[in-house]
Amino acid sequence: MTTGEKLTKQLKALGNKTAAEHAQRFFKTGPGQYGEGDVFLGIKVPVLRKLAKGHRDISLDDAVELLQSPLHEARLLALLVMVLQADQNGAAIYRAYLANTHRINNWDLVDGSAAQIVGAHLFERDRKPLTKLAKSKSLWERRIAIIATFYFIRRNQFDNTLAIADILLNDKEDLMHKAVGWMLREVGNRNLKAEEAFLLPRYKQMPRTMLRYAIERFPEPKRLAYLKGQL
């Protein structure tokens, strides 16, 4: 039995049918929805994080094998392990991550890994790969592009976030509107002038959800002025 098979057996033993049914609905796994066909076991994230810490020394090959699983929690576990290993094996994990973006195919999988793996690897390197991801036909690659910049935002570097946000300004997917708005809000939490310099020429053309997320923590009079187009 491979390491991936052993971990899958452990995961199945931790599953909860009621929680799995709720997750199937919450993560939109129905026909035509963004998570169509995904299969959940119903395991809470803190449980998976604890399991990842206990298996942080598995090989990258084993983690990538687990990432191929049809089980959502198995893929999330694989990514949590890769995040834990990224400090020591960042380049190899970055390459494996980008080679398997088709398996990083729901928003929680992206949000829990892109900054720590992609953002961290590119922090002191050429960041052009983010532009390529932002222009991808894949919703998940586009989300990886913007969420990866959270690593930069936390270190008070905002240019890449704003550049990627500009590329994604007219994205058709609601999940991207939320992600871009969230990252713009995070920029504003650290440098409100930088966020507003981006918003003012663009906010009237931004998708409503993106704008709402971006200005969520603005003082109420200013927030309403943005929503009413009065700036």
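This is a predicted model: local features need pLDDT of at least 70, side-chain atom pairs count only at pLDDT 80 or more; totals for chains, interfaces and linings use all residues.
**Helix 1 and helix 4**

- Helix 1 covers residues 3-14 and helix 4 covers residues 60-67; helices here are DSSP runs (H or I, at least four residues), numbered from the N terminus.
- The two pack at an angle of about 50°, with their axes 8 Å apart; axes are lines fitted to C-alpha atoms, for helices over the stretch in contact, and angles run from 0 to 180 degrees between N-to-C directions.
- On the helix 1 side, Thr3, Gly4, Glu5, Leu7 and Thr8 meet Asp62, Glu65 and Leu66 of helix 4, where contact means heavy atoms within 4.5 Å.
- The residues of this contact divide into two nonpolar, three polar and three charged; Ala, Val, Leu, Ile, Met, Phe, Trp, Tyr, Cys and Pro count as nonpolar, Asp, Glu, Lys and Arg as charged, and the others, Gly among them, as polar.

**Helix 11 and its partners**

- Helix 11 (residues 159-167) and helix 12 (residues 174-190) have axes that come within 10 Å and cross at roughly 150°.
- That angle is why helix 11 and helix 12 are described as roughly antiparallel to each other, and their crossing is left-handed.
- Thr161, Leu162 and Ala165 of helix 11 meet Val180, Met183, Leu184 and Val187 of helix 12.
- The residues of this contact divide into six nonpolar, one polar and no charged.
- Thr161, Leu162, Ile164 and Ala165 are the buried residues of helix 11; buried means under 20% relative accessible area, exposed over 50%, and partly exposed in between (1.4 Å probe, protein chains only).
- Viewed down the axis of helix 11, these buried residues fall within an arc of 165°, so they line one face of the helix; the arc is that of the directions from the helix axis to the C-beta atoms.
- The buried residues of helix 11 pack against helix 8 (128-134), helix 9 (139-148), helix 10 (150-153), helix 12 and helix 13.

- Ala78 sits in helix 5 (residues 72-99) and counts as buried, with 0% relative accessibility.
- Not counting residues up to four places away in sequence, Ala78 touches Ala63, Leu66 and Leu67.
- Between Ala78 and Asp159, which are 81 residues apart along the chain, the C-alpha atoms are separated by 31 Å.
- Arg143 belongs to helix 9 and is buried, with a relative accessible area of 5%.
- With neighbours within four places in sequence left aside, Arg143 is in contact with Trp107, Val110, Asp111, Leu175, Met176, Ala179 and Trp182.

**Loop residues**

- Phe123 lies in the loop between helix 7 (114-122) and helix 8, and its 21% relative accessibility makes it partly exposed.
- Leaving aside neighbours within four places in sequence, Phe123 contacts Tyr151, Phe152, Arg155 and Gln157.
- Lys28 is in the loop between helix 2 (17-26) and helix 3 (45-54), and at 35% relative accessibility Lys28 is partly exposed.
- Most residues other than glycine have a negative phi.
- Lys28 has a positive phi, near 55°, and Asn156 has a positive phi near 60°.
- Asn156 is found in the loop between helix 10 and helix 11.

**Helix 15**

- Arg223, Ala225, Tyr226 and Leu227 are buried in helix 15 (residues 220-227).
- The buried residues of helix 15 pack against helix 13 (192-199) and helix 14 (208-214).
- Just after helix 15, Gly229 takes a positive phi of about 70°.

Key. Residues are numbered from 1 along each chain as its sequence is written. Side-chain values use heavy atoms; hydrogens and water are left out. Angles under 35 degrees count as roughly parallel, over 145 as roughly antiparallel, 65 to 115 as roughly perpendicular and the rest as oblique. A crossing is left-handed if the near helix is turned anticlockwise from the far one by less than a right angle, and right-handed if clockwise.
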